[in-house]
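Visitor: I'd like to go through the aromatic rings in this one. Can you walk me through them?

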Amino acid sequence: MRTALRTAVTGAVAVATVLVAGPAQGTPPGPGVSARTISQKTVGDTDYILREITIPPGQATGWHYHDGPLYAFAQQGTLSHYDSTCASDGVYPQGSFIQEPAGPGNVHIGRNLGDTAVVLDVLYVLPHGAPFSQDAPNPGCPFQ
């Protein structure tokens, strides 16, 4: 099932032909957090972008939200996910599927609390031209 889900996410953007590398975007991401765009395609007024995100041990994405929904598959490591109440809203080990809803009411941070890099396949479904993420301040949590 997990392989089928990963294949479905990857297949959703398989028609794209653009391969671009670039830095991760977040608020502010920790040292060494990186992203590589695998493929992207615009259909109408929606951008579909598949990226591979790597979060080294002890690092985080920074506080942010997205202008469109995000779907991810944990290739490696374990992602600890927190919402704006500072509460954990999910722990995603290798093989897990992750969904993040859109909008400024969904501020969150992804943290790698383990000793292995977290590697995610992430499908962004964004309004055309929107950034991967929007910066958000730390909502008062004792961690960044």
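Visitor: How many aromatic pairs does the count come to?
Guide: Bear in mind that this is a predicted model. Rings of Phe, Tyr and Trp pair if their centres lie within 6.5 Å. By this rule the count is 4 aromatic pairs.

Visitor: Is the pair of Tyr71 and Phe97 stacked or tilted?
Guide: The ring centres of Tyr71 and Phe97 are 6.5 Å apart, with the planes at 15°. Planes under 30 degrees apart count as stacked. So the pair Tyr71 and Phe97 is stacked.

Visitor: How many residues apart in sequence are the parts that Tyr71 and Phe97 tie together?
Guide: Tyr71 belongs to strand E5 (residues 70–76), while Phe97 is in strand E8 (residues 97–100). The pair therefore links parts whose separation in sequence is 26 residues.

Visitor: And Tyr82 with Phe143, stacked or tilted?
Guide: Here the ring centres of Tyr82 and Phe143 lie 4.8 Å apart. Their planes are at 55°, so this pair is tilted.

Visitor: Are Tyr82 and Phe143 buried or exposed?
Guide: Tyr82 sits in strand E6 (residues 79–83) and Phe143 in the segment after strand E11 (134–135). Buried means under 20% relative accessible area. Both Tyr82 and Phe143 are buried.

Visitor: Which residue has its charged end over the ring of Phe143?
Guide: Phe143 forms one aromatic cluster with Trp63 and Tyr82. Over the ring of Phe143, 4.2 Å from its centre, is the charged end of Arg111.

How values were computed. Residues are numbered from 1 along each chain as its sequence is written. This is a predicted model: local features need pLDDT of at least 70, side-chain atom pairs count only at pLDDT 80 or more; totals for chains, interfaces and linings use all residues. Side-chain values use heavy atoms; hydrogens and water are left out. Rings of Phe, Tyr and Trp (its six-membered ring) pair if their centres lie within 6.5 Å; planes under 30 degrees apart count as stacked, over 60 as edge-to-face and the rest as tilted. Helices (H or I, at least four residues) and strands (E, at least two) are DSSP runs, numbered from the N terminus. Buried means under 20% relative accessible area, exposed over 50%, partly exposed in between (1.4 Å probe, protein chains only). A charge sits over a ring if NZ of Lys or CZ of Arg is within 6 Å of the ring centre and within 35 degrees of the ring normal.
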